[in-house]
Amino acid sequence: MAFIHAGVVDVATGTVRRDRMVSVDRGRIVSVTPSAGQRVPPGVRTVDASGKFLIPGLWDAHVHLSYLGACALPVLLANGITTVRDAGARMDEVVAWRARIASGALIGPRIRAAGPNIESGAWLDLAYQIAPPNDAIWRWGPRLRMNGPADAGALVDTLARLGVDFIKFRNLPRTSFLALSAAAQQRGMRLAGHAPKG
């Protein structure tokens, strides 16, 4: 496929490169050249992008897809978001959506996912007073309980088995955070989360 006469947004320089031809082969950009004087090879689909712009794919760095469901995936892509970083979702749903996207059965962005959040046991005890453990909110935003530093290794192993791309934590005391950080680093897993307490 070749997009001709497009304005290409160059994010490195903050400029628009006008009247460009962008050639794509098997989902990858292979060249960006001035449109003038370029000949599109036979059999290549041509899209006249005059008056339109091409931009790099956008990332949404903090989504919770389990709250939204699969219906959000094509909407994200339609708005230029080609990758999302899901900071807390059901991994069974994410795995199923990834498979459907890969097969072409569902349109959506690439998904990088944390799966269930690791949450301080003390915080969960307080939260369960508002929304009991069987409340639907915990289904959409699953949590793994961390009672203290001794839980770190087992929690990281659990998330590794689920196939997460990174580990998300919330409301952890400093000692738990340090143990979790060490366990994640030992297993080569990335860590993201809220500032530890204390």
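The largest pocket of this predicted model holds about 620 Å³ of space. Its lining is made up of 18 residues, and those that lie nearest the centre of the pocket are V22, V24, I29, I55 and P56. Three strands, β1 (2-10), β2 (15-25) and β3 (28-34), each provide at least two residues of this lining. Of the contributions to the lining, that of β1 is the largest share, at 4 residues. When the lining residues of the largest pocket are sorted by class, 11 are nonpolar, 2 are polar and 5 are charged.

The residues that line the second largest pocket are L77, T82, I101, G108, P109 and R110. Within this lining, 3 residues are nonpolar, 2 are polar and 1 is charged.

The crossing in which α6 passes α7 is right-handed.

Which residues make the contact between α6 and α7? On the side of α6, the contact is made by A152, G153 and V156, while α7 takes part through A179, L180, A183 and A184. By class, the contact of α6 with α7 comprises 6 nonpolar residues and 1 polar residue, with no charged residues. The lining of the largest pocket, by contrast, includes 5 charged residues, and the lining of the second largest pocket includes 1.

Key:
Residues are numbered from 1 along each chain as its sequence is written. This is a predicted model: local features need pLDDT of at least 70, side-chain atom pairs count only at pLDDT 80 or more; totals for chains, interfaces and linings use all residues. Side-chain values use heavy atoms; hydrogens and water are left out. On a 1 Å grid over the protein atoms alone, a cavity is a set of points where a 1.4 Å probe fits but cannot get out, and a pocket is an open set with protein on both sides within 12 Å along at least five of seven lines; lining residues have an atom within 4 Å of a point. Grid points are joined across faces, edges and corners, and a volume is the space filled by probe spheres set on the points. Ala, Val, Leu, Ile, Met, Phe, Trp, Tyr, Cys and Pro count as nonpolar, Asp, Glu, Lys and Arg as charged, and the others, Gly among them, as polar. A crossing is left-handed if the near helix is turned anticlockwise from the far one by less than a right angle, and right-handed if clockwise. Contact means heavy atoms within 4.5 Å.
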